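Okay, thanks everyone, I'll keep this short. Have a look at the sequence and the structure on the screen, and then I'll walk you through a few spots.

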Amino acid sequence: DELTNLTVAVRVRPMNSRELAYIGATNIVKTNQNELIIHSNSNLSMSTDHIFQYDHVFWSCDESDKNYASQECVFSTIAEPLLANAFRGYNACLFAYGQTGSGKSFSMMGDMCSNMDCDKTAGITPRFCKRLFEKLKEIQDTITASIELSYFEIYNEKIHDLLACNVGSNKTALKVREHPVWGPYVVDLSVHVVNSYEEMKERLLIGNKNRVTAATLMNEKSSRSHSIFSIELNLSERLDENSSSRRSKVSLVDLAGSERLGNLYNNEEKIREGVSINKSLLTLGKVISALSEYKKGNIFVPYRDSVLTWLLRESLGGNSLTSMLATITPANTHIDETLATLRYACQARSIVNRARINENPHD
Ligand code: ADP
Ligand code: MG
């Protein structure tokens, strides 16, 4: 087994028009390589700098800035290494964490969530799919590949297949089960074999369209669900002798907004949704906290307390190489949420995963 820490990156988005229109709104975030500094001066006599360190810090506030981190830069820094590892037979997981409106979906999917043309606004997921098929093409003479994908969301602790034919009409919730060898999986989740980037892109677009979206006070387009795009990669070497196969599972996860209930939810329906969103995110926090205190010996990690953490078990402290992208706004108006996100992200850095190559010699 290979022990690796969770890779944690933070991305700062530009101020939006609402923030810019707010009187007294200022940008309180500065970056210095992989250091992020929050300058809080709410009380002039008590101004404080909070300094955080991560594996990567992406400054995406101002395109004219020489340190500006583009979609391609974010992809190549945190997602491309996972793709390379997937080809070596490691599982991989990347999840975006942050308050609603901070840039999770922009980073994971791209603007409008339908821009798959891999122009400069395309996010990590379409780039990942495109690069995957480019890499397969490079090795096609010696490797036979099969690619399967699934796309689902967790909403109110219930799993909905975003690619099932009956999606929308008959939204039956799917269940999680524990396979004795392969671990937790979603029963009856549709699995789609794809042979090209075009086919993958088609599924992505369908799934994005099916995502439950609802207006919130902060961002009309943002979602209160967690979405998980899952790719299974099987590679077989076509050698005369010693031929072997490698298998990797990649999960690209766009989490629901991390904000506290009170700020955002004001009616019964929303509170109910909020409670269960919190259940998955709350449990994710507990799991991260338990894993970050992991020393020797066994400790209890409450993976099973939520659907999200149960399904991500292998990705959190298990057989996976995992990265977290925390997204924040630079505006002083959200400093409390921003600090909460940054602290959460810091804690996640101390998680250690035990990744191993999934390799089977042919019989
Ligand atoms: P979330 O998914 O975290 O709720 P979004 O990704 O939907 O947030 O982002 C909210 C808004 O901010 C969107 O209109 C999006 O286009 C914009 N935005 C987010 N990140 C960036 C960025 N890095 N550069 C430019 N615009 C961004
Ligand atoms: Mg979103």
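Predicted model: local features only at pLDDT ≥ 70, side-chain atom pairs only at ≥ 80, totals over all residues.

Where does aspartate 188 fall, buried or exposed? There are 11 C-beta neighbours inside 10 Å, so aspartate 188 counts as exposed. You'll find Asp188 in the loop between strand 11, residues 183-186, and strand 12, residues 192-194.

Glutamate 157 isn't a glycine either, and has a positive phi of about 65°. Glu157 sits in the loop that links strand 8 (143-155) to strand 9 (158-161). Here we have 14 other C-beta atoms within 10 Å, so Glu157 comes out as partly exposed.

Okay, zooming out. We've got 363 residues, and 41% of them are buried. The secondary structure comes to 9 helices and 17 strands. If you take contacts between residues at least 6 apart in sequence, 69% of those join residues at least 24 apart.

Now the inside. As a general point, nonpolar side chains in soluble globular proteins tend to be buried together. In this model, the largest nonpolar core has 76 residues, and Val10, Leu94, Met324, Ala326 and Ala345 have the most contacts inside it. Which helix gives the most to this core? That's helix 2, residues 71-87, with 7 residues.

Last stop, the helix packing. Helix 2 packs against helix 4, residues 124-138, at an angle of about 45°, and the axes are 10 Å apart. That angle is why we call the two helices oblique to each other. The crossing is right-handed, by the way. On the helix 2 side, the contact is made by Val74, Phe75, Ala79, Glu80, Leu83 and Phe87, and helix 4 brings Ile124, Arg127, Phe128, Arg131, Leu132 and Lys135. Sort the residues of that contact by type and you get 8 nonpolar, 4 charged and no polar.

That's me done, happy to take questions.

Definitions and conventions
Residues numbered from 1 in each chain as written. Chains lettered and ligands numbered in written order. Core = buried A, V, L, I, M, F, W, Y, C linked by C-beta atoms within 7 Å. Buried ≥ 20, exposed ≤ 12 C-beta atoms within 10 Å, placed from the backbone. Helix = DSSP H or I, 4+ residues; strand = E, 2+ residues; numbered from the N terminus. Axes fitted to C-alpha atoms, helices over the stretch in contact; angles between N-to-C directions. Parallel < 35°, antiparallel > 145°, perpendicular 65-115°, else oblique. Left-handed = near helix turned anticlockwise from the far one by under 90°. Contact = placed C-beta atoms within 7 Å. Nonpolar A, V, L, I, M, F, W, Y, C, P; charged D, E, K, R; others polar.
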